[in-house]
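Reader: I would like to go through this model and ask what the terms rest on.
Author: Go ahead.

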Amino acid sequence: MEYKHFSHQHTLTLYKVQQGQQLHCHGCHRLCHDSIFACWSCKFFLHEHCGNANRFVKHPSHKQHPLILMPNPTYCSSSFLCNGCGVAGSTFSYCCALCEVDLHVPCAYLPPKVKHQSHEHEICISYQTTQEKDSTPQLCKICTRELSSKHWSYLCDMAGCTFRVHTFCATAEVKLGLHQDDAPDQAQPPVLFYI
Ligand SMILES: [Zn+2]
Ligand SMILES: [Zn+2]
Ligand SMILES: [Zn+2]
Ligand SMILES: [Zn+2]
Ligand SMILES: [Zn+2]
Ligand SMILES: [Zn+2]
């Protein structure tokens with residue numbers, strides 16, 4: 001089976017990553033695992049979730065506008081800062097150009113609740129951010145580095161529990177299909193399709 005992705009000129013094939021193979025996803029730059037879409041002549045690889053990500057998504061962190069999947073950042077710096085995790089990205093982003101909101105694909109599909117081995121309770125994602133300088137910076141309970149109030153975190157909502165961690169410390173899970181497709185009414189070509 002061959003596939004075509006809007007961000008790449010050649011056809012892609014599905015491939016199962018072997019143990020010890022170090023392939024990086026073009027969409028998010030993270031290491032690939034399980035099944036990926038591959039163009040071997042270009043060494044172009046995509047996680048299944050990055051290749052299958054919708055072109056438009058209605059995201060709970062930015063309800064006012066649809067976020068649009070961009071194959072490259074639209075800024076002159078040719079990189080973006082993810083509003084979710086605060087880490088720079090240089091390829092795929094879910095973008096609201098009006099508000100300069102950008103998200104990595106895996107950050108856009110973080111699960112609402114996760115269970116982490118280091119904590120007894122379930123933790124919930126919080127999109128609450130503030131641009132104000134926090135006088136007493138909080139530390140991530142997993143990596144012990146500072147938690148920026150400008151970015152998302154997972155926190156425990158049990159009364160009296162102050163467990164709060166970075167999104168990337170809490171989970172590497174990607175839940176595709178979590179958010180509503182927010183495509184405009186006119187038909188849009190799919191991001192990925194069989195040929
Ligand atoms: Zn990826
Ligand atoms: Zn190629
Ligand atoms: Zn991110
Ligand atoms: Zn917006
Ligand atoms: Zn952390
Ligand atoms: Zn707790």
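Author: To begin with, two strands pair if DSSP finds at least two bridges between them. Strands (E, at least two residues) are DSSP runs, numbered from the N terminus. The model is predicted: local features need pLDDT of at least 70, side-chain atom pairs count only at pLDDT 80 or more, and totals for chains, interfaces and linings use all residues. Residues are numbered from 1 along each chain as its sequence is written, and chains are lettered from A and ligands numbered from 1 in the order in which they are written.

Reader: What makes β1 and β17 a pair?
Author: Three bridges join β1 to β17 (residues 192-194), and at least two are needed, so they pair. The two run antiparallel, and lysine 4 stands opposite phenylalanine 193 in β17.

Reader: Which strand forms a hairpin with β1?
Author: β2 does, with five residues between the two. β1 (residues 2-5) and β2 (residues 11-16) pair in the antiparallel sense over three bridges. Glutamate 2 has threonine 13 of β2 as its bridge partner.

Reader: Why are β5 and β10 called edge strands?
Author: The open, antiparallel sheet has the order β5-β6-β9-β10. β5 (56-59) and β10 (101-103) each pair on one side only. For β10, the pairing with β9 (residues 93-96) has three bridges, and valine 101 is the bridge partner of cysteine 96.

Notes: Helices (H or I, at least four residues) and strands (E, at least two) are DSSP runs, numbered from the N terminus.
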